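Hi there,

Here is the structure I promised to pass on. Please have it open while you read, as my notes follow it.

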Amino acid sequence: MTQKEIIQGFGYSQKGAELIIKKLNYFEIGVNTFISEFNHFRETVNSYGYDDVAVRNMLVLDPRIVTYSDKFEIRYNNMKKILSEKNSDVSVIARAVVFLPETLNNKIKMFESFGFTNEDIRKMVSKDPKILGRSKESFNKIFNFFKDLGMHKKDITKLIVRYPRKPFVSFDYIEANLYRLVNYGFTKKEVGKLINNINDIIMDDEIDLEGLFELFRNYGLKDDEIRKEILRYTKIVKYNKEGYDDIVIYLKSKGFNTEEIKGVTLKAKEIVRYSEKRLDYLYDVFYKYRIDDNDIKHIITKNPKILYHTTDKIKNTFEKLEEFNIIGENLIKVVTMFPGIFETSIDTLNEKLRVINNFDLIEGIYKNPKNLIQSAEKTYLRYLYMFNVLEMEPVTEKEKNILFSANPVIRIEDKETNEKIKYEIPDLEKLKKMFTYYKDEESLIDKFKGRKCMH
């Protein structure tokens, strides 16, 4: 029987046995050693609650540990101190048993000297057990490099916890990426800010910085403007030319012309990193409410930042309008005349609609949906002022809209002289002082329930 066949007899496939032999040869460990130690290692690992499948998987990852049976207990128990007594993934165990130093306490003290917490250490070891083999000098090199970019110590530790392997194995590339950014006019301090916001900007070898600058140059931005936009919207460094080309084709299929696409891109720059599927999901939400491509295009061009919202946020806005019986053509009218409605939080929108609905003013927003910009509190107090002080009833659309005007001025007829008198509604702070005795709008509704506007 061949060595490969014997290894297959331990439960491995032909491919698995070949991989083990290949790794054993690389580490210069005899195949016969592996065969002779296998059962002893299996018994040891089984005693810790791991089945034979876990044992085989550990040895595929690193067949060297087959010779660690006698050392397994101390290394495993030390590893558990880091991993919070959790039954760890076999890939972590296989690597940690090899790389975990016997002097674990000294290694932990080294991590702590760089500002890593116990939880940070657990996360790093779980992601990459090899980090236990990193020297203090290698950590100093990484920390000094990022400190030179103006990054705080806590931000550097977060970066390494998130990417425990990349800063060490890709350091030469990171340095090269730094100089690429500097060549585009970024200062080292600005690069530090970028890394805090999106680590990949300096560690990702697929970032097409040249293509991103070329795109925005074609759209009329100067290099200093492009740098400002990247610092403001760091995620746009994920730009991919092929992906953005797909977005352009998609928007053109929906009726956008080249200038409109340019305008939307400049106002919602993160679109350069979107997938076509993301836009598809957005359109599907609008289609559900019978809004056609032309109206969707109008909404996007007037409020490009709607592209930043999740489909759930857009759905919630529609559902809130429907809750107040703003449906069908009226719903379409509101969102097309006032695309900015999607920027309003659902709680705020609910508060405004509730006040407007209670005072029978819903129809007023169909002609001027921007009335929804007005705060619920201001609408409430102005309503109170008009009824209690000026004794008006907003029976016309014009009078209703007075409630929402930025600087409302109205004319009412003096009962004695019959002359039209000009009144300017006080600002919000004055209105608050005038009507502090109303605890809630229900008391206001009760007070005026006999008026015809309070059906």
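This is a predicted model: local features need pLDDT of at least 70, side-chain atom pairs count only at pLDDT 80 or more; totals for chains, interfaces and linings use all residues.

Let me start with the second largest pocket. About 170 Å³ of space lies in it. Its lining is made up of Lys23, Tyr26, Phe27, Leu61, Asp62, Arg64, Arg95, Phe99 and Lys130. Two elements, α2 (14-26) and α6 (90-99), each give two or more residues to that lining.

Is aspartate 62 buried or exposed? Aspartate 62 is buried, at a relative accessible area of 5%, which falls under the 20% cut-off.

That pair belongs to a set of 11 salt bridges in the structure. Another of them joins the side chains of glutamate 18 and lysine 4, at 3.3 Å from N to O. This pair ties distant parts of the chain together, since glutamate 18 sits in helix α2 and lysine 4 in helix α1 (residues 3-8), 14 residues apart. Glutamate 18 is partly exposed, with a relative accessible area of 37%, and lysine 4 is also partly exposed, at 27%.

In general, an α-helix has 3.6 residues a turn, so residues three or four places apart point the same way. For all that, glutamate 323 is exposed, with a relative accessible area of 52%, whereas lysine 320 is buried, at 12%.

Finally, have a look at helix α7 (residues 104-113). Which of its residues are buried? They are Leu104, Lys107, Ile108, Met110 and Phe111. Viewed down the axis of α7, these buried residues fall within an arc of 155°, so they line one face of the helix. The face turned away from that buried side carries Asn105 and Lys109, which are exposed. Among the elements covering the buried residues of α7 are α5 (69-82), α8 (118-127) and α9 (136-147). After α7 comes glycine 115, with a positive phi near 100°.

Happy to go through any of this with you.

Best wishes

Conventions:
Residues are numbered from 1 along each chain as its sequence is written. Side-chain values use heavy atoms; hydrogens and water are left out. On a 1 Å grid over the protein atoms alone, a cavity is a set of points where a 1.4 Å probe fits but cannot get out, and a pocket is an open set with protein on both sides within 12 Å along at least five of seven lines; lining residues have an atom within 4 Å of a point. Grid points are joined across faces, edges and corners, and a volume is the space filled by probe spheres set on the points. Helices (H or I, at least four residues) and strands (E, at least two) are DSSP runs, numbered from the N terminus. A salt bridge is a side-chain nitrogen of Lys or Arg within 4 Å of a carboxyl oxygen of Asp or Glu. Buried means under 20% relative accessible area, exposed over 50%, partly exposed in between (1.4 Å probe, protein chains only). The arc is that of the directions from the helix axis to the C-beta atoms. Contact means heavy atoms within 4.5 Å.
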